[in-house]
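Please look over the model below with its two-chain interface in mind.

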2 protein chains.
Amino acid sequence: MYPEIIKHISQEIDFKASEIEEFISLLSEIHLSKKELLIRPNDSVNYEYFVVSGCLKAYYLDESGERHIIQFAIEDWWISDFEAFFNKEPAKLYIEAIEDSVLLGLHCDALEELFKRIPKFERFFRIKTTNAFVSLRSRILETLQKSSAERYLNFCNKYPNIEKRVTNHHIANYLGIQPESLSRIRKELLLH
Amino acid sequence: MYPEIIKHISQEIDFKASEIEEFISLLSEIHLSKKELLIRPNDSVNYEYFVVSGCLKAYYLDESGERHIIQFAIEDWWISDFEAFFNKEPAKLYIEAIEDSVLLGLHCDALEELFKRIPKFERFFRIKTTNAFVSLRSRILETLQKSSAERYLNFCNKYPNIEKRVTNHHIANYLGIQPESLSRIRKELLLH
DNA sequence: AAGTAAACCTAACATACATCAAGCATTTTT
DNA sequence: AAAAATGCTTGATGTATGTTAGGTTTACTT
């Protein structure tokens, strides 16, 4: 039962069977069809979600209706409006399934309880968050430093499995450029 | 002794006096003069640093010698080359004092030990890292979304204490634009 | 199977920002 | 106190990316 997430947590920490069992008991399974919304602005966000299968995007719509993708998630990733989740604020993001997807939701209160009962999970999530923090820092450094073409190539290198599954439109949104610009970049790189 | 950091950790978690004492015993005091380097590329980074007083910048020099500031730190902030620190890799960043500064260094091994002995510190650093993670996400969303002028105004609003203490050159580096462009932005905003 | 929507590409033009260069003011160094 | 370095501003010019528009192909919907 839920071998994906068991493998995922066991990679980082050595849990006892009973601890894993307790963790699993907290999860709720969610099925989403393509284009279905998991979170929309003003929702209260009580869950973070582990992706068992499928592909999703987290994005923000600005005042002028432009879409800005902050995160993709495929198998083995966590996704949520983390700002809303951790700070108990209303959502600002949309989270939408790009493909039919299966998720495991973890409720914030259940998570707090779990931290108290089994501090190893506090450790697990500290390590996960630390890794995420570090990789956001490199993403910022990259946007400060690199040309759009370089960032596009890096994206393809770093996330080949995502690049194959989302449209160029999505990738352009993620990189912070217009789809037309990405098309030009791809033309110059001879990638069509 | 070290009232600043005691206040800092007590704001988040209720520690016993003995726990605080143990924590304090792990810290080493570092004094830096203006322009002195705390970390330079290829250093091994065994410490993260709490700023007691002063002001520092963490930056990357790219191949063409451009400087990109990823973080400022003033009183009450933590600073390090976190990627190098957490992943035990050689540093890629410079960390330099903008003013004479006093720091408290926390060694990675001491920190690991502390986590084992007092899990509340694991909790403390999980919460700190989570907050940092969330604010990096908004920083990314902001660079995807907003004009340079808007980002400059946001910076001034969000970090008035930093804005007062660093040069416009530094702020431009942080925002990812040229100092000349920032000067023009300020002119249009009538801020000289 | 036909109709519609979405994805992708291309081109012409507009614009924000970078680049290069110079000058003045302020701070730091000697 | 003089000299040097740094910070800030301004102008002229270049370039990458945005904007608008149109067209082709592919995928989805009925």
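In this predicted model, A:E122 and B:R123 form a salt bridge, with 3.2 Å between the closest N and O atoms (a side-chain nitrogen of Lys or Arg within 4 Å of a carboxyl oxygen of Asp or Glu). The rule finds 8 salt bridges across the interface of chain B and chain A.

**Interface**
- Contact (heavy atoms within 4.5 Å) involves 38 residues of chain B and 38 residues of chain A.
- The two chains bury about 3600 Å² between them, 68% of it on carbon and sulfur atoms; this is the accessible area (1.4 Å probe) lost on being put together, summed over both.

**Chain A**
- Chain A has 9 helices and 8 strands, taken as DSSP runs (H or I, at least four residues, for helices; E, at least two, for strands) numbered from the N terminus.
- The C-alpha trace of chain A spans about 55 × 35 × 30 Å along its principal axes.
- Of the 192 residues in chain A, 49% are buried (under 20% relative accessible area, 1.4 Å probe, protein chains only).
- Among contacts in chain A between residues at least 6 apart in sequence, 68% join residues at least 24 apart.

**Conventions**
- Residues are numbered from 1 along each chain as its sequence is written, and chains are lettered from A and ligands numbered from 1 in the order written.
- Local features need pLDDT of at least 70 and side-chain atom pairs pLDDT 80 or more, while totals for chains, interfaces and linings use all residues; side-chain values use heavy atoms, leaving out hydrogens and water.

Terms used: Buried < 20%, exposed > 50% of the residue type's maximum accessible area, 1.4 Å probe, protein only.
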